[in-house]
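Open your viewer and keep the selection tool at hand. This tour goes stop by stop: what to select, and what is there.

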Amino acid sequence: KILILDFGSQYTQLIARRIREIGVYCEIYSCECSAAEVANFAPNGIILSGGPETVTSADTPRAPQIVFELGVPVLGICYGMQTMAEQLGGKVESSNHREFGYAQIRARGHSKLLNGIEDHLSPEGFGLLDVWMSHGDRVSVLPEGFSLIASSEGAPIAGIANEAQGFYAVQFHPEVTHTHQGGRILSRFVLDICGCEALWTAGHIINDSIQAVRAKVGSDAVILGLSGGVDSSVVAALLHKAIGTQLTCVFVDTGLLRLHEGDQVMAIFAEHLGVKVIRVNAESRYLAALAGVSDPEQKRKVIGNLFVDIFDEEAAKLTDARWLAQGTIYPDVIESAGAKSGKAHLIKSHHNVGGLPENMTLKLVEPLRELFKDEVRKIGLELGLPAEMVFRHPFPGPGLGVRILGEVKKSYADLLRQADAIFIEELYRHDLYHKVSQAFAVFLPVKSVGVMGDGRRYDYVIAIRAVETIDFMTARWAHLPYEFLDLISRRIINEVAGISRVTYDISGKPPATIEWE
Ligand code: XMP
């Protein structure tokens with residue numbers, strides 16, 4: 001397994017994902033972790049990430065010295081290269097030549113890291129690589145025992161190695177896809193140089209998790225709030241496989257779900273997989289609680305609190321439950337750790353199903369805590385969940401509650417469900433669903449005039465939203481084909497009685513959010 005020490009780069013999670021994709025388990029620790037923590041992890045290799053600081057200043061982070069004393073290979077990336085060079089006796093200088101974006105590097109010598117990996121050959125027969133650079137500082141003097149393994153115009157020392165000790169460092173970012181051979185370079189490091197085996201596959205992850213869950217909960221009963229979203233669904237399937245009938249899922253049908261969603265969740269889990277699921281039909285309670293509430297924040301609170309109440313009521317009936325299972329995944333863990341240490345640049349609050357019941361006496365079991373979303377999806381498929389569920393767009397915890405502007409009414413929710421289902425169905429049919437990151441309809445409780453046949457209509461408006469994004473923190477509106485939008489508009493207006501106008505949302509995030517409330 002590989003340890004990644006994080007110096008604050010925006011790409012650190014990407015390094016971890018690449019290593020996991022290669023099939024090798026890895027974890028991210030803060031660069032401020034102790035020598036004992038590094039030693040206890042017992043890595044087969046260590047990667048030092050990039051970071052925003054400069055090693056030319058004395059009070060910036062360094063790797064714990066033990067990294068260079070454990071006798072395992074180390075790969076420094078960008079800032080990681082600079083701190084390695086500096087800590088081992090080389091020199092780093094601030095250069096006024098900032099290099100950002102594509103660069104071409106020439107491999108030198110025959111290092112184990114880069115040998116035979118190239119995008120092009122130079123006329124003289126040297127390997128050339130197209131890489132992604134993002135740095136101001138650069139190494140100016142090699143530490144003793146190191147030799148040059150790559151150079152570029154902006155960074156004459158773009159890669160160094162002390163092969164006897166297994167120390168390698170590169171100024172460019174092999175973890176980003178712009179570095180075309182990045183995957184091969186990382187896999188060269190973890191498989192060939194560190195000697196890790198590619199055992200971290202879906203089947204392996206499932207077996208490991210099953211053993212861990214069984215060891216943890218023994219013969220105790222476990223409850224899980226099942227929302228139908230990817231994470232809680234995979235937890236349900238995994239726990240069912242691990243502990244069978246010791247698991248009870250509580251599925252709260254809020255009445256704010258998408259068309260037929262409640263029935264689909266029951267069909268997959270209760271009928272198909274044989275999971276014990278208690279479906280709580282709470283539509284009327286939600287509608288009653290939301291009556292007269294139109295402030296968006298207030299609506300979120302009402303929906304979240306009611307979820308906790310209902311979940312508590314159901315949990316209280318399961319008197320032998322000792323454990324609460326949750327679908328926390330690795331990025332949530334990293335984000336909240338980063339938030340605590342003040343290092344996180346992006347902070348997102350996670351209350352997928354409304355938060356934990358207060359005064360909880362249940363202990364937590366979080367089997368996906370070490371997994372990235374793509375790994376969660378992979379094991380979901382392996383566990384037999386349908387691909388449509390595993391690759392479904394995200395859906396907010398408060399559901400249609402934040403897609404009906406202002407006060408929520410059942411008649412509005414019913415119209416919205418129909419319009420949304422038409423939009424999603426056509427996205428699938430035109431092979432566009434997976435080309436956008438999230439797509440949905442929004443109900444606007446305003447009436448506008450229309451004509452239909454000989455009559456005039458005075459009906460509601462549906463807004464269509466589709467965005468492309470990687471991290472959901474920023475997004476651009478999807479440039480769906482006009483003909484497609486035309487079809488959606490015609491189908492919704494013709495088929496959903498009560499809607500006379502359809503608009504397409506062309507706002508980016510920022511400044512607009514993805515959801516309308
Ligand atoms: P915004 O609207 O903030 O949304 O741009 C970003 C992403 O988060 C989802 N979202 C939520 N997810 N509970 C959730 O679990 C919520 O309260 C919530 N609000 C927004 C939204 O669908 C988008 O994917």
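**Before you start**

This is a predicted model: local features need pLDDT of at least 70, side-chain atom pairs count only at pLDDT 80 or more, and totals for chains, interfaces and linings use all residues. Residue numbers start from 1 along each chain, as its sequence is written.

**Stop 1: the whole protein**

Show the C-alpha trace. Along its principal axes it spans about 85 × 60 × 40 Å. Now colour by secondary structure. The protein has 14 helices and 19 strands. These are DSSP runs, numbered from the N terminus: helices are H or I with at least four residues, strands E with at least two.

Of the 517 residues, 40% are buried. Buried means that 20 or more other C-beta atoms lie within 10 Å of the residue's own; 12 or fewer is exposed, anything in between is partly exposed, and C-beta atoms are placed from the backbone. Contacts come next: two residues are in contact if their C-beta atoms, placed from the backbone, lie within 7 Å. Among contacts with a separation of 6 or more, 74% join residues 24 or more positions apart.

**Stop 2**

Zoom in on Cys78. It lies in the loop between β4 (74-77) and α3 (79-87). Cys78 counts as buried because it has 25 C-beta neighbours inside 10 Å. Leaving out residues up to four places away in sequence, its contacts include Ser134, His135 and His173.

Move to Glu175, in the loop between β10 (167-170) and α4 (182-193). Is Glu175 buried or exposed? It is buried, with 28 other C-beta atoms within 10 Å. Beyond its neighbours within four places in sequence, Glu175 is in contact with residues including Tyr11, Arg18 and Leu186.

**Stop 3**

Ser227 sits in the loop between β11 (221-225) and α6. Gly228 is in the loop between β11 and α6 too. Ser227 counts as buried, with 25 C-beta neighbours inside 10 Å. Gly228 has 21 and is buried as well. Not counting residues up to four places away, Gly228 touches Ser233, Glu261 and Val265.

**Stop 4: helix α7**

Look for a kink of about 30°, centred on Ala267. The bend is the angle between axes fitted to the seven residues ending there and the seven starting there.

Which residues of α7 are buried? Val265, Ile268 and Phe269 are. The helix's buried residues pack against α6 (230-243), β12 (247-253), β13 (276-281) and α12 (387-390). After α7 comes Gly274, with a positive phi near 75°.

**Stop 5: the ligand**

Pro396, Gly397, Thr513, Ile514 and Glu515 come nearest. A residue is near if its C-beta atom, placed from the backbone, lies within 6 Å. By class, the shell has five nonpolar, five polar and two charged residues. Here Ala, Val, Leu, Ile, Met, Phe, Trp, Tyr, Cys and Pro count as nonpolar, Asp, Glu, Lys and Arg as charged, and the others, Gly among them, as polar.
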